[in-house]
Amino acid sequence: MKCRCFAKKAERGGIVNPIQFFLQWICRVINPVFGIGIGTIFIKSACLPIYIIRYENSCVKTMVRKYTRGIQKRAERKKSKKEMYQYLNVKKLSYSCFIYGIEFTVIVMFLKAISALNNTQEFWFKINEVDRTSLLSYIYLAVLVLGEIINFQKDSKVEEVMQIIISIILVVLLYRTSQTVVAGIVIYWSISSLYSLFIRKVILQGKIEKRVEKEYTTVYLESVYSLIRKERISYDKCGEK
């Protein structure tokens, strides 16, 4: 068998999936397991600008919400928060949905590319069959547990208990699901979870969050709020005239 990792032929009249050709090319050099791993890292890295935009947007909104909590009047707090979002160019929900759509499309294309690989025997499993030993699911379970432990946030007792309960439910559901899908998808999930953990801790929390906290200080937000109020007062006076 010259190239056991060739992708299955695309259906006639179907939409061409460029990621499928990319994954097929990797599989010509190495076996499908490592091909899926490298492909996963490449796809996640390509989506990195999306993660940065989304995370930075979330951090700025969190800083603004923390600042506006000090405003006594509810109506003023709500209005000021909205105006500060606009001034600081916080992305709207429609924009967030748009970039989510891009990420979702890329991931779906990659999953279809995995499903299109030939069902070759690799180690103890076949790429496009459920792993009967469930060993891949156990590996995925270990990755999930590691991620939940690292991402655990210290808070009040009630919040911590809620975090633990939600984490357990989520991990059990994902683990059970991994036992019903083909091996290639479980490999993708495992590597994706590990790489996402790296991105979150090293890039997003390690760099982006620290930069936002340094830039959007209380003093800066105070100056923004003062400027917004001055503009609002000036606008109201013009309206009265």
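This is a predicted model: local features need pLDDT of at least 70, side-chain atom pairs count only at pLDDT 80 or more; totals for chains, interfaces and linings use all residues.
## Basis of the model

Local features require pLDDT of at least 70 and side-chain atom pairs pLDDT 80 or more, while totals for chains, interfaces and linings use all residues. Residues are numbered from 1 along each chain as its sequence is written, and side-chain values use heavy atoms, without hydrogens and water.

## Helices H1 and H2

Helices are DSSP runs of H or I with at least four residues, and strands are runs of E with at least two, numbered from the N terminus. The axes of H1 (residues 18-29) and H2 (residues 32-46) come within 8 Å and cross at roughly 135°; axes are lines fitted to C-alpha atoms over the stretch in contact, with angles from 0 to 180 degrees between N-to-C directions. H1 and H2 are therefore oblique to each other (angles under 35 degrees count as roughly parallel, over 145 as roughly antiparallel, 65 to 115 as roughly perpendicular and the rest as oblique).

## Burial of H2

Buried residues (under 20% relative accessible area, 1.4 Å probe, protein chains only) in H2 include Pro-32, Val-33, Gly-35, Ile-36 and Lys-44. Their cover includes H1, H3 (48-68), H5 (93-115), strands E1 (121-122) and E2 (125-126), and H8 (183-215).

## Helices H6 and H7

The axes of H6 (residues 135-151) and H7 (residues 157-178) come within 9 Å, crossing at roughly 160°. H6 and H7 are therefore roughly antiparallel to each other. In contact (heavy atoms within 4.5 Å), H6 residues including Tyr-138, Leu-141 and Glu-148 meet H7 residues including Ser-167, Leu-170 and Tyr-175.

Definitions and conventions. Buried means under 20% relative accessible area, exposed over 50%, partly exposed in between (1.4 Å probe, protein chains only).
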